[in-house]
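Okay, thanks for having me, everyone.

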Amino acid sequence: MDSINFLSVANALVKIIKNTYSYDETPPNIEEEELAQLLLEKLHDITHEFIFIDENENGDGPSEDDTFQPYTDQEGNYILPSEVSMEYKKRAVEEFERHPGWKFLTFQQNFSKVRQPNYINRWKKQIEMGGTKYELFIEIENYVYQQFKLCREQYLPVHDMDLKKWAILKASEFNGLMFKASHSWLNTFKRRNRIVSRKIQKLVSFRAVTEVEDIQQDAEDFRAQIVPLLKNFAHNKIFNTDQTGFRYEMVSARTLSTQGERYTFGSCSSPKNKCTHSYTVQYVITYAGDILDPVFICLQENDGTFGPRVLDTMFIAPNIYVTCTKSGKLNRSKVEEFLDEIIVNNRNGNLLYIQDMWTGQTDRRLYTSRCTDDLNMDVRFIPEHCTDVCQPLDTYFHRQLKYLARQFYSFESVHAKTPTPQLLTRDGLLKMQSLVHYLLSAPVFRNMIKYCWFSSGIWDGEDRPVFRNVKEVCFNFHNDMKCSSNDCTNMAFISCSWCNSVLCFDEFFYDYHLMYCPAGPYT
């Protein structure tokens with residue numbers, strides 16, 4: 001990556017910052033100069049010590065039939081496996097050389113599979129090469145695929161030329177084999193092994209690659225430590241909690257548009273503010289498949305506090321707890337607030353409390369100081385870098401949570417009739433988070449939450465939980481269906497996971513369905 005021009009990168013970064021934030025240009029102070037130096041060092045690390053990791057992108061890969069694609073020779077003939085074993089060929093050639101005076105018909109009486117005299121010369125060449133052309137092609141294929149696999153396991157980039165070089169290197173071991181690693185061979189090899197070109201989208205360090213095995217081992221060790229503990233706790237007393245960030249305005253990154261257009265634009269209310277600023281939501285799920293009530297929400301406020309007018313007028317819901325910081329992210333004091341309001345308040349018994357190693361919550365005094373005769377917390381921390389595979393909320397739940405929230409923004413931006421989107425207001429996003437928590441808390445999603453534990457490996461059951469996801473429960477209705485509310489002709493937005501009513505956006509969101517759902521816990 002020596003061709004990277006740091007000045008070009010800096011200019012591109014300045015352009016992005018100007019388009020994203022509203023800053024006045026001022027001379028840098030000492031802290032900003034130090035930060036610039038750190039950024040330069042980090043940029044150097046990225047371009048010289050980092051390699052690429054591939055992430056799957058949309059597109060059609062090879063079909064199942066392609067894995068059986070046969071190879072062809074230079075004349076275009078298929079290279080197929082021989083019906084005669086190599087042992088038979090060796091015996092036939094040896095016998096033919098021991099009896100040079102035999103007529104071919106006499107020889108053929110002992111070796112009926114030698115149908116033509118030229119078979120002997122052909123088989124001699126195959127024995128000298130070490131196998132038939134088909135067998136050698138398979139050896140070459142296996143060698144090239146193993147080299148490809150080793151490189152991709154280390155996240156190293158592989159190109160067509162690399163495959164050809166490996167193939168030619170292996171073919172050179174077979175005397176007399178005519179092999180050129182042609183374009184035809186390359187395409188056949190890639191189709192047979194389902195290899196396609198992918199866009200590189202993410203960087204990981206060389207150090208991280210070498211640590212993959214260590215991370216996998218840490219994950220296995222953690223599961224081996226936790227699973228035996230599950231039988232010591234009631235299923236509704238085994239908790240997993242984690243923070244996840246939400247943009248104040250969630251905008252889809254994809255859209256249908258006209259083929260061939262030069263630029264595909266999207267729109268939002270505030271590209272430099274609501275699309276870049278975020279707040280934090282923290283759920284707690286149980287091994288029994290339930291979600292703790294209320295959900296903890298930390299908003300971003302300029303002074304880190306709510307003003308008197310905001311406190312007097314802010315939307316209040318029975319299933320959300322709202323606080324704030326300057327950044328919209330949690331700190332130690334907010335962790336204490338979370339523990340007091342969500343975990344300790346109205347909880348008792350023995351709890352198994354599983355969470356990640358985020359530094360703001362690793363001090364065990366946070367938990368021991370809150371234990372009483374009625375409440376005991378056995379706190380277990382998921383090892384660093386293992387949350388993607390060991391944390392139930394991360395392995396599945398958060399994807400469903402974000403998918404559900406995104407449907408609100410998508411529908412209101414395209415189909416809602418109000419000139420001012422409510423979701424872009426503080427009260428609107430709080431109402432949305434309340435309704436999202438309400439929907440996910442329905443009994444129909446209990447098995448989905450259990451599956452989160454199953455997918456993380458923290459599971460002592462035998463069977464994989466069978467469940468329906470958010471799309472199947474809440475959005476599985478005909479596109480032309482109308483709202484089921486009396487005399488309402490609006491198009492349907494969602495199916496309530498509690499009462500199964502198919503409702504429009506007005507009925508469900510604006511009228512706040514939670515408070516009058518006939519099957520819900522709040523009516």
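This is a predicted model: local features need pLDDT of at least 70, side-chain atom pairs count only at pLDDT 80 or more; totals for chains, interfaces and linings use all residues.

The protein has 523 residues, and 40% of them count as buried. If you go through the secondary structure, you get 19 helices and 12 strands. Now take the contacts between residues with a separation of 6 or more: 71% of those come from residues 24 or more positions apart.

In general, nonpolar side chains in soluble globular proteins tend to be buried together. Here the largest nonpolar core has 78 residues. Which of its members touch the most others? Those are Tyr283, Leu299, Phe397, Phe408 and Leu440. And which element gives this core its largest share? That's helix H15, residues 392–414, with 9 residues.

Setting aside residues up to four places away in sequence, Phe408 touches Leu423, Met432, Leu435, Val436, Leu439, Phe493, Phe505, Phe508 and Phe509. Several of those names come back in a moment, when we look at helix H16.

So, H15 and H16. H16 covers residues 426–440, and the axes of H15 and H16 come within 10 Å, crossing at roughly 130 degrees. That angle makes H15 oblique to H16. The crossing is right-handed. On the H15 side, the contact is made by Phe397, Leu401, Leu404, Ala405, Phe408 and Tyr409, and on the H16 side by Leu429, Met432, Leu435, Val436, Leu439 and Leu440. What kinds of residues are in that contact? By class, you have 12 nonpolar, no polar and no charged residues.

An α-helix has 3.6 residues a turn, so residues three or four places apart point the same way.

Now a second pair, H6 and H8. H6 is residues 133–153 and H8 is residues 183–192; their axes come within 11 Å and cross at roughly 65 degrees. H6 and H8 are therefore roughly perpendicular to each other. H6 also passes H8 in a right-handed crossing. Phe137, Ile138, Ile140, Glu141, Val144 and Tyr145 in H6 meet Trp185, Phe189 and Arg192 in H8. This contact has 7 nonpolar, no polar and 2 charged residues.

One more helix, H17, residues 446–456. Its buried residues are Met448, Ile449, Tyr451, Cys452, Trp453 and Ser456. After H17 comes Gly457, with a positive phi near 85 degrees.

Gln391 sits in the loop between helix H14 (387–390) and H15. Is Gln391 buried or exposed? Its relative accessibility is 0%, so Gln391 counts as buried. Leaving out neighbours within four places in sequence, Gln391 is in contact with Asn240, Thr241, Asp242, Gln355, Asp356, Ile382, Cys386 and Ser456.

Compare that with another glutamine, Gln300. Gln300 is in strand S7, residues 295–300. With 23% relative accessibility, Gln300 counts as partly exposed. Not counting residues up to four places away in sequence, Gln300 touches Tyr248, His277, Ser278, Tyr279, Thr325, Lys326, Ser327 and Gly328. Thr280 is 20 residues from Gln300 along the chain, and their C-alpha atoms are separated by 8.5 Å.

Pro294 is in the loop between strand S6 (278–286) and S7. The peptide bond from Asp293 to Pro294 is cis, with omega near 5 degrees.

Where is Asp487? Asp487 lies in the loop between helix H18 (470–474) and strand S11 (494–495). Its phi is positive, about 60 degrees, although Asp487 is not a glycine. Asp487 is exposed, with a relative accessible area of 81%. Then there's Asn500, in the loop between S11 and strand S12 (502–503). Asn500 has a positive phi near 65 degrees, and Asn500 isn't a glycine either. Asn500 is exposed too, with a relative accessible area of 56%.

Notes:
Residues are numbered from 1 along each chain as its sequence is written. Side-chain values use heavy atoms; hydrogens and water are left out. A nonpolar core is a set of buried Ala, Val, Leu, Ile, Met, Phe, Trp, Tyr and Cys residues joined through side-chain atoms within 4.5 Å. Buried means under 20% relative accessible area, exposed over 50%, partly exposed in between (1.4 Å probe, protein chains only). Helices (H or I, at least four residues) and strands (E, at least two) are DSSP runs, numbered from the N terminus. Contact means heavy atoms within 4.5 Å. Axes are lines fitted to C-alpha atoms, for helices over the stretch in contact, and angles run from 0 to 180 degrees between N-to-C directions. Angles under 35 degrees count as roughly parallel, over 145 as roughly antiparallel, 65 to 115 as roughly perpendicular and the rest as oblique. A crossing is left-handed if the near helix is turned anticlockwise from the far one by less than a right angle, and right-handed if clockwise. Ala, Val, Leu, Ile, Met, Phe, Trp, Tyr, Cys and Pro count as nonpolar, Asp, Glu, Lys and Arg as charged, and the others, Gly among them, as polar.
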